Amino acid sequence: MSPDRPRARRIGVMGGTFDPIHNGHLVAASEVAHRFSLDEVIFVPTGRPWQKIGEQETVSPPEDRYLMTVIATASNPQFSVSRVDIDRDGDTYTVDTLRDLRALLPDAQLYFITGADALESILSWQDWEELFGLARFVGVSRPGYELDATHLAHHLEAMPSDTLHLLEIPALAISSTECRTRASLGRPVWYLVPDGVVQYIAKRKLYRAPRASSPGVS
Ligand code: ATP
Ligand code: MG
């Protein structure tokens, strides 16, 4: 590469159900953006998340999850939101997300950001060999989960050393499941999710109906 040639744009990809997006997601993206000098982080709400197919009836409509993600990221000039997954029919697989973004951003270096819990299941992801060719992966710490890639070590042996990075980030013990449960019980979600998302949840009356995981909710 000539010394004058600008470096490839570095783009983070933060996939998630975002039902709702919360401050744990935002801190993860912000921290990885800083540590890897990313130019941008693209949040990609899933269409139909295949890991949650059994819970499909409890996943909020894609447009609500998309709009909450837009609201949560609007104030950060480095953050944007993609519709590639919600506009694709069928179940969402990370390999499709990365293929689509690769096609849209052929010259960029992609960094897929994933929490320690999702990293644990990476081998069950479809076409994981191809995944590592499409993006670098950044596994971030998450309270309650061990940040450990030893289960991937065998597969990573043949890959470049920068295929997977593990990163400790500020610990926020927040999950969307907990936010949904709190909202359904009438407990506050202020400061767990951005203010605009609190207001969107109230306006759209999300998470009001009792869920199977929240017995006894009135
Ligand atoms: P749910 O409880 O519905 O599964 P969630 O809080 O796990 O929601 P997801 O949308 O499933 O949120 O997660 C999207 C990505 O963000 C995943 O890679 C997940 O590991 C990561 N993530 C979620 N919450 C945190 C957190 N508090 N700290 C670090 N990473 C997180
Ligand atoms: Mg999750």
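Helices and strands here are DSSP runs, numbered from the N terminus. With those labels in hand, the loop between β1 (10–16) and α1 is where Pro20 is found.

As background, most residues other than glycine have a negative phi, and most peptide bonds are trans. The bond from Asp19 to Pro20, though, is cis, with omega near 5 degrees. Phe18 also lies in the loop between β1 and α1. Its phi is positive, at about 50 degrees, even though Phe18 is not a glycine.

Next comes the ligand. Around ligand 1 there are 18 residues, and Gly16, Gly24, Gly115, Ser176 and Thr177 come nearest. Which elements each supply at least two residues of this shell? They are α1 (23–35), β6 (109–115), α4 (116–120) and α7 (176–184). Helix α1 gives the most, with 3 residues. Sorted by class, the shell around ligand 1 comes out as 9 polar, 6 nonpolar and 3 charged residues.

Then there is a pair of packed helices. In general, two such helices are described by the angle between their axes and the distance between the axes. For helix α2 (residues 62–73) and helix α8 (residues 195–203), the angle is about 150 degrees and the axes are 8 Å apart. Angles over 145 degrees count as roughly antiparallel, so that is how α2 and α8 run relative to each other. The crossing of α2 past α8 is right-handed. On the α2 side, Leu67, Met68, Ile71 and Ala72 take part in the contact, and they meet Gly196, Val197 and Tyr200 from α8. These contact residues split into 6 nonpolar and 1 polar, with no charged ones.

Finally, how far can the model be trusted? The chain has a mean pLDDT of 89, and 89% of its residues reach 70 or more. Where pLDDT is low, the predicted coordinates should not be read in detail. As for the scores of the model, ipTM is 0.99 and pTM is 0.92.

Technical notes. Residues are numbered from 1 along each chain as its sequence is written. Chains are lettered from A and ligands numbered from 1 in the order in which they are written. This is a predicted model: local features need pLDDT of at least 70, side-chain atom pairs count only at pLDDT 80 or more; totals for chains, interfaces and linings use all residues. A residue is near a molecule or strand if its C-beta atom, placed from the backbone, lies within 6 Å of it. Helices (H or I, at least four residues) and strands (E, at least two) are DSSP runs, numbered from the N terminus. Ala, Val, Leu, Ile, Met, Phe, Trp, Tyr, Cys and Pro count as nonpolar, Asp, Glu, Lys and Arg as charged, and the others, Gly among them, as polar. pLDDT is the predictor's confidence in each residue, from 0 to 100. Axes are lines fitted to C-alpha atoms, for helices over the stretch in contact, and angles run from 0 to 180 degrees between N-to-C directions. Angles under 35 degrees count as roughly parallel, over 145 as roughly antiparallel, 65 to 115 as roughly perpendicular and the rest as oblique. A crossing is left-handed if the near helix is turned anticlockwise from the far one by less than a right angle, and right-handed if clockwise. Two residues are in contact if their C-beta atoms, placed from the backbone, lie within 7 Å.
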